[in-house]
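Hi everyone, thanks for coming. Let's bring the structure up and walk through a few of its features together.

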Amino acid sequence: MIDRRALGDFVYTDVEFRQYRRRRAERLLRTGVGFLLAYVLAWGTVALTRGDWTTLLLQGVSIIGAAWVWFCLSRGRLGLASHSYFWFVMPVVGALIALEGVSGPFLSMSHYHLLPLTVGAYLLFFEHSERGRRVYVGGCLLIFAAVELGLVTLSPLGLPYSPDAQRTGRWILFFANFTSLMWVAGLFVADLAEVERQLANANARMEGLLENMLPPTISQRLRREGRTFADAFSECSVLFADIVGYTSLSESIPNVVNLLDAIFTRFDDLTEQCGLEKIKTIGDAYMVASGIPEARPDHAAAAAELALRMQHAIKDFPGLEIRIGINSGAVVAGVIGKKRFIYDLWGDTVNIAARMESQGVSGGIQISEATRALLPPDFVCEDRGEIAVKGKGAMRVYMLKGRATDTPSAACDAPAEPLIEQGQG
């Protein structure tokens, strides 16, 4: 079952999800800017001690770029900040490698400049298109292969390092970059954990939504089997309820949809209390099934109990009446098609139940002879005689008046209103 409490902080609307992604992108960019400034500070210090003014000038360009990215973030211009980061990092890294030269396989210090590329690729992995990722990662691999494997050799354009300085610098930068990369890896793992949490919550949310649209057993079966299905039920009861005069009411009341929502919400609560299954609403008609998808021997009594409760509940909406029809028998129920799944019923039993409602009495509950035969003696019914039912001919029908006692159905948790003036059973 779905743990509803676990869904409290789940981001599920489009607006909230975009806001979440924006906050994440801002955090990643600030992290990238922080790494870039630390990198510039360390390498600029080395260049300053060596009097390498060309490298210092290039690191100054990096500082300007980092400041610009931060300014864009502070102004809320996330897209400009993201693109600016990459446009500053790539040329600066390429220029630094050119300044220091490439002396041979695994001998140059230039590969330590790949750290900003690593951070950039990490940001790009989350926030840019697939094509952009391919171009960026391809560029990083090309630079790495050219530098580390010595595919090209370049004489230093700037002040060269002595062999001792290169060895010392490699050790120092190795540990510094290893620590930095561990930090990046920690961020990556934390984001993966967050993604997994969001995915689990999204899955729970979708399962909850599916169970709200379909009966729990049906939604579980649909997920398990992965295909549509239909089953035959030999015994069940089908209830149709219709608001009398809804068409004229919709022309006179401005917020008629809100009124309809309030009525159907009340019916939903009553249906759930009685353990029955709401099938669907069709305009102002409300359809319920009893004994589906879980079979129950008292399906007719439960449907009759719900009808009495709905009849009583409509009194809370002055000026409105409902017309209810119930029939019992065999149906086919299932989920068919491939879009907009709905758990629906088919068969003659459903058609007759709809006729019981449409050809019933305003404010009354009309039931078929099949349903009457299944009701316990305490349900008081009045014989209406035979009526002409469209498509079926003459059928004997009854009007459900109430109950002789206030003992509710076993599926309902509150007693129905007892009958005051009883008709003939």
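Which residues line the second largest cavity? They are Met213, Pro215, Lys278, Ile279, Ile342 and Tyr343. Before going on, please note that this is a predicted model, where local features need pLDDT of at least 70, side-chain atom pairs count only at pLDDT 80 or more, and totals for chains, interfaces and linings use all residues. Residues are numbered from 1 along each chain as its sequence is written, and side-chain values use heavy atoms, with hydrogens and water left out.

A cavity here is a set of points on a 1 Å grid over the protein atoms alone where a 1.4 Å probe fits but cannot get out, and lining residues have an atom within 4 Å of a point. Volume is the space filled by probe spheres set on the points, which are joined across faces, edges and corners. The second largest cavity has about 30 Å³, and its lining counts five nonpolar residues, no polar ones and one charged (Lys is in the charged class; Met, Pro, Ile and Tyr are nonpolar).

Now to the helices, which are DSSP runs of H or I with at least four residues, numbered from the N terminus. The peptide bond from Ile292 to Pro293 is cis, with omega near -5°. Pro293 sits in the loop between strand E3 (285-290; a strand is an E run of at least two) and H10.

Thanks, and happy to chat!

How values were computed:
1 Å grid on protein atoms, 1.4 Å probe; cavity = no way out; pocket = protein on both sides within 12 Å on 5 of 7 lines; lining within 4 Å.
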